[in-house]
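Hi,

Here is the structure I promised to pass on.

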Amino acid sequence: MDAQQFDAAQVQVLQWLTQLTGKQADELRSIFDRCSSLAECLAILAEAGSKLRHCPHCEGDRLYRHGVYRGLQRYRCRQCGASFNVLTKTPLAFIRLREKWLPFLQCMLHSMTVRGAAKAIGIHRNTSFRWRHRFLMMAKDARALPLDGIVEADETYLLESQKGSRHLTRPARRRGGSASHRGPGKEHDCILVACNRSGKACDFVPGRGPVTAQQLHTCLPPVLAPGVLLATDSAVAYKAFATAAGIAHGAVNLHAGIRVDGLIHVQTVNSHHSRFKGWLRHFLGVASRYLPNYLGWRHVLDAGRVALPKHFLRVALMLDVI
C-alpha cells in the first residue's frame, strides 16, 4: 500500500469509527492511532535510510540492501561485511515500541514530565526518562548555523546539581540548596548562549564558574559567520576573545546602567535566558550532566520551531535543522 492508498484507507476507517459508540469504539480508536503513528514513524525512518551513504562501522560507502527486519530496511557494507540499519550506532538504536514514538514526542512538545508522559502513552517512567534523553541527544545539535549579522553572547548560571547520582562528590543538599557564596562561582554551571537578531541560537555548557576567554575560543568560532558583530556585556573575557579572534566587538556596561548603546545590547540573549530558566522550573531541578539536552529541548520549543511530533522525529534523526 502506497502513501496515497494509506491516507484514503485512514479516512474511511475514521468515518466508520465515528458511527461507533462505547468502550469498543474507544479501543478501536486507540489501536488505529497506534497503527497510524507506526506508519508515519516507519515512513520517516525509511526516508532517513534512503539518505544513508556510509557504513556506521567502517565509514565505507559501498552499501547494498540486505533484507528488512522489524519494519526497517537493513544494509550490508561490502568493505567490512557488517550489516546495519539507519538507527545503528545512534542514540535511537534498540528503542522498541516504535508505534509510541510519535505520541511520546507529542508529550515532549507539551513539556510533560517524565511520569506524566509515561502515564499518557502507557510506558514505564524509566522508559519515559530514557526516551526523553535519547531523542534529545541528536535533536540538540540540529541547529541552523552559522550565526550571522549582530550576534549577542552572554552567560547565565545555575547551581550545580547531581540529581539522580548514586555517588555524590559533595554533601547532599535539601530541596536544591543554595551556594555558599554570592555570585557565580565553582558551584555554578555556566550556560553560554549566542544568538543573532533573526532568532538563530546556539548554546553551550563550557564548565563551572565565570566564563573564560579560553572557553569562548573553544565554543564560539565554529558557530560564527565571517564578518559578524559580537555584542556582549563588559566582561573582560569577551573583549579578550574578540581581540584574539579578530572579531568586531561592541559592549554595554550593565553595571553602569547602560543597557543599549545604538545597535549594541544583549536583551535578545537575556530574554532567551529568562525563558529557559522559567521553563526549567517546571521540572523541579535537572542534573548538570543533562543541561545540554534541556537547552536543546527548549530550542525546539522556542518560537514554535517544531509544531508536530513527526517534525520532532525528523529533527532527532538530523533530517531537518531548526
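Predicted model: local features only at pLDDT ≥ 70, side-chain atom pairs only at ≥ 80, totals over all residues.

Residues are numbered from 1 along each chain as its sequence is written, and side-chain values use heavy atoms, with hydrogens and water left out.

The largest pocket has a volume of about 600 Å³. (On a 1 Å grid over the protein atoms alone, a pocket is an open set of points where a 1.4 Å probe fits, with protein on both sides within 12 Å along at least five of seven lines; lining residues have an atom within 4 Å of a point. Points are joined across faces, edges and corners, and the volume is the space filled by probe spheres set on them.) Its lining has 24 residues, and Leu-159, Ser-161, Gly-176, Gly-285 and Val-286 lie nearest the centre. Strand 4 (150–159) and helix 8 (267–280) are the elements that give two or more residues to that lining; helices (H or I, at least four residues) and strands (E, at least two) are DSSP runs numbered from the N terminus. By class, the lining splits into eight nonpolar, eight polar and eight charged residues. (Ala, Val, Leu, Ile, Met, Phe, Trp, Tyr, Cys and Pro count as nonpolar, Asp, Glu, Lys and Arg as charged, and the others, Gly among them, as polar.)

The second largest pocket holds about 480 Å³ of space. Of its 18 lining residues, Val-114, Arg-115, Phe-129, Arg-132 and Lys-163 are the closest to its centre. Helix 5 gives the largest share of this lining, five residues.

Helix 5 (125–139) turns up again in the packing. Its axis and that of helix 3 (residues 101–109) come within 11 Å and cross at roughly 85 degrees (axes are lines fitted to C-alpha atoms, for helices over the stretch in contact, with angles from 0 to 180 degrees between N-to-C directions). That makes the two helices roughly perpendicular, the word used for 65 to 115 degrees. Helix 3 brings Trp-101, Phe-104, Leu-105 and Met-108 to the contact, and helix 5 brings Ser-128, Trp-131, Arg-132, Phe-135 and Leu-136; contact means heavy atoms within 4.5 Å.

Helix 5 and helix 9 (residues 291–301) have axes that come within 9 Å and cross at roughly 75 degrees. Here Arg-132, His-133, Leu-136 and Met-137 of helix 5 meet Asn-293, Tyr-294 and Trp-297 of helix 9.

Cheers

Notes: Parallel < 35°, antiparallel > 145°, perpendicular 65-115°, else oblique.
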